[in-house]
Amino acid sequence: MAARIGSGSSFGGRASWGYGRADWIDELLALDHEHVWHPYGPMPALTAPLPVVSADGVRLHLADGRELVDGMASWWCAVHGYRNPAIDAALRSQLERMAHVMFGGLTHEPAVRLAAQLVQMAPGELRHVFFADSGSVAVEVALKMCLQARPGRRFLTIRGGYHGDTLGAMAICDPVDGMHALFRGALAEHVFVDRPPRRLEPAYAARLEDAFARHAGGLAGVVVEPVVQGAGGMWFYDPAVVGLLRELCDRHGLLLVLDEIATGFGRTGALFACEHAGVAPDIMCIGKALTGGYLTLAATLCTPAVAHAITNGEGGALMHGPTYMANPLACAAALASLDLLADGSWRESVARIERGLASGLHAAWKLPGVEDVRVLGAIGVVQLAREVDVAAATNAAIEHGVWLRPFRNLVYTMPPYITTDQDVQKIGRAVVAAAAAGGGA
Ligand SMILES: *Cc1c(COP(=O)(O)O)cnc(C)c1O
């Protein structure tokens with residue numbers, strides 16, 4: 001391969017760096033093992049990651065020449081696949097102007113146009129946009145908005161959630177799966193209601209009403225992922241619960257924060273998952289697929305009422321400002337990505353993938369140790385009775401030419417929207433094979 005990892009001399013005279021060298025992969029993996037921390041991993045790592053040299057469409061090209069269909073869309077992000085010509089071009093064109101400038105006291109067209117576009121797409125009265133540099137930070141900003149707009153100090157949320165890895169966000173993640181015990185004393189203690197059911201029944205509604213009645217006085221807001229809970233367990237729940245939360249927030253004068261970082265931009269079959277419930281939040285967090293998987297960018301949107309309360313409150317301003325706030329390259333990628341969604345053809349793509357996954361994953365029901373198989377939009381989940389053997393499951397998927405990254409007791413997929421029927425079938429077979437190999441039943 002002709003591409004090189006660096007210019008040689010810039011790596012302290014390591015002219016030998018580059019894909020061409022025979023032992024390149026070994027050296028890369030040795031340095032990775034020695035120096036690089038990977039997500040949720042020990043140091044040094046117990047298993048070697050797979051080196052990727054390039055990606056295009058829905059395919060990842062590995063250093064050893066293999067190619068894998070990406071069943072993960074790089075953790076929900078790459079909805080248009082890799083090397084999309086329109087997003088590539090938008091980034092190149094922005095690069096000719098500037099990669100970045102600070103956002104304090106300065107502004108630029110990519111940020112302003114993106115904010116206007118997001119407001120137009122967003123549900124309800126969300127008219128103001130605060131750009132953040134990652135989803136976790138967007139959640140921190142949402143929490144701060146509530147704390148600055150409302151007298152209460154705690155938050156109400158539901159079990160099974162995931163909102164990010166920073167301390168504020170972690171405190172509203174599922175207390176067990178979010179490992180609150182590990183960080184005891186460092187996390188704020190919030191109000192948790194049980195995970196919502198697939199069908200809202202009166203008993204659950206009563207439990208929610210009771211929690212609001214008991215805690216509303218001390219609350220600054222209510223934060224949930226609408227309809228689909230992602231990294232907290234890939235749970236799906238009745239949209240009517242989101243409707244009930246809206247009603248209860250209104251009744252008790254509380255702010256409703258919807259974390260659409262995973263669900264936003266079409267993934268569940270609606271542009272935003274709260275549309276399934278026909279309600280709009282006071283504050284909405286978006287991220288992940290916002291840039292089509294190109295660069296890290298997130299945003300927290302709020303209503304004029306929230307902005308007014310903050311601006312006329314004690315601080316007089318929202319007390320946050322990331323260094324890379326509204327990075328122009330990221331905003332340009334986001335604008336190009338939203339442009340690709342604008343014609344609405346993603347709806348048919350997501351519906352097509354939903355049908356493909358539903359038929360492809362059906363075979364998993366027959367496997368021993370499978371507890372549940374569920375599909376919503378372009379999300380497919382096989383839930384096992386116990387912890388997945390990640391290495392065995394991953395290898396089984398790779399043998400089927402597909403990249404999957406199971407966690408806990410879940411083998412799941414959320415492929416790019418451009419995935420063809422043939423590749424969706426391939427992913428379906430890989431998920432079933434991974435569940436069979438990793439289920440260890
Ligand atoms: C991924 C995710 C986050 C955190 O986003 P990062 O960009 O990883 O910080 C927050 N909320 C939800 C629902 C997510 O899926």
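**Exercise 1. Work out which residues His-108 touches, leaving out those up to four places away in sequence, and place His-108 in the fold.**

Step 1. Start with the contacts: beyond its sequence neighbours up to four places away, His-108 touches Met-98, Val-101, Phe-103, Ala-326 and Pro-328. Keep in mind that you're working with a predicted model.

Step 2. His-108 is found in the loop that runs between helix H3 (85-95) and helix H4 (109-121).

Step 3. Is His-108 buried or exposed? The relative accessibility comes to 6%, and buried means under 20%, so His-108 counts as buried.

Step 4. Look for a polar partner. A polar atom of the His-108 side chain lies 3.1 Å from the backbone oxygen of Ala-326. Ala-326 is also one of the residues that His-108 touches.

**Exercise 2. Describe what surrounds the ligand, and find polar atoms that sit by its oxygen atoms.**

Step 1. List the shell. The residues around the ligand are Ser-134, Gly-135, Ser-136, Tyr-162, His-163, Gly-164, Glu-225, Asp-259, Ile-261, Ala-262 and Lys-288.

Step 2. Sort them by type. How many are nonpolar, polar and charged? The shell splits into 3 nonpolar, 5 polar and 3 charged residues.

Step 3. Go through some distances:

- Gly-135 brings a polar backbone atom to 2.8 Å from a ligand oxygen.
- Ser-136 has a side-chain N or O atom 2.6 Å from an oxygen of the ligand.
- Lys-288 places a polar side-chain atom 2.5 Å from a ligand oxygen.

Step 4. Check the cover. On its own, the ligand has 380 Å² of accessible area, and the protein covers 83% of that.

**Exercise 3. Go through some of the salt bridges, and say where the partners sit.**

Step 1. Get the total: there are 16 salt bridges in the model. As background, side chains of opposite charge can pair when their charged atoms come close.

Step 2. Take Arg-66 and Asp-64. Their closest N and O atoms are 2.9 Å apart, which makes a salt bridge. Arg-66 is partly exposed at 39% relative accessible area, and Asp-64 is partly exposed too, at 46%.

Step 3. Move to a pair inside a helix. Arg-251 forms a salt bridge with Glu-247, with 3.6 Å between the closest N and O atoms. Both residues belong to helix H8 (residues 239-252) and sit 4 residues apart, about one turn of the helix. Glu-247 is partly exposed, with a relative accessible area of 45%.

Step 4. Asp-421 and Arg-352 meet through their side chains in a salt bridge at 3.0 Å, N to O. This pair links distant parts of the chain: Asp-421 is in helix H13 (residues 421-439) and Arg-352 is in helix H11 (residues 346-361), 69 residues apart. Asp-421 is partly exposed, at 44% relative accessible area.

Step 5. Finish with a network. Which residues are linked in it? Salt bridges link Arg-59, Glu-67 and Asp-423.

**Exercise 4. Name the buried residues of helix H12 (residues 390-399), then say what covers them.**

Step 1. Pick out the buried positions: Ala-393, Thr-394, Ala-396, Ala-397 and Ile-398.

Step 2. Find the cover, which includes strand S3 (67-70), strand S15 (402-403) and H13.

Step 3. See what comes after the helix. H12 is followed by Gly-401, which has a positive phi, near 75°.

Note on methods: Residues are numbered from 1 along each chain as its sequence is written. This is a predicted model: local features need pLDDT of at least 70, side-chain atom pairs count only at pLDDT 80 or more; totals for chains, interfaces and linings use all residues. Side-chain values use heavy atoms; hydrogens and water are left out. A salt bridge is a side-chain nitrogen of Lys or Arg within 4 Å of a carboxyl oxygen of Asp or Glu. Buried means under 20% relative accessible area, exposed over 50%, partly exposed in between (1.4 Å probe, protein chains only). Helices (H or I, at least four residues) and strands (E, at least two) are DSSP runs, numbered from the N terminus. A residue is near a molecule or strand if one of its heavy atoms lies within 4 Å of it. A polar contact is a pair of N or O atoms within 3.5 Å; within protein, one must be able to donate a hydrogen and the other to accept it, and residues adjacent in sequence count only if both atoms are side-chain atoms. Accessible areas come from the Shrake-Rupley method with a 1.4 Å probe; for residues, only the protein chains shown count as cover. Ala, Val, Leu, Ile, Met, Phe, Trp, Tyr, Cys and Pro count as nonpolar, Asp, Glu, Lys and Arg as charged, and the others, Gly among them, as polar. Contact means heavy atoms within 4.5 Å.
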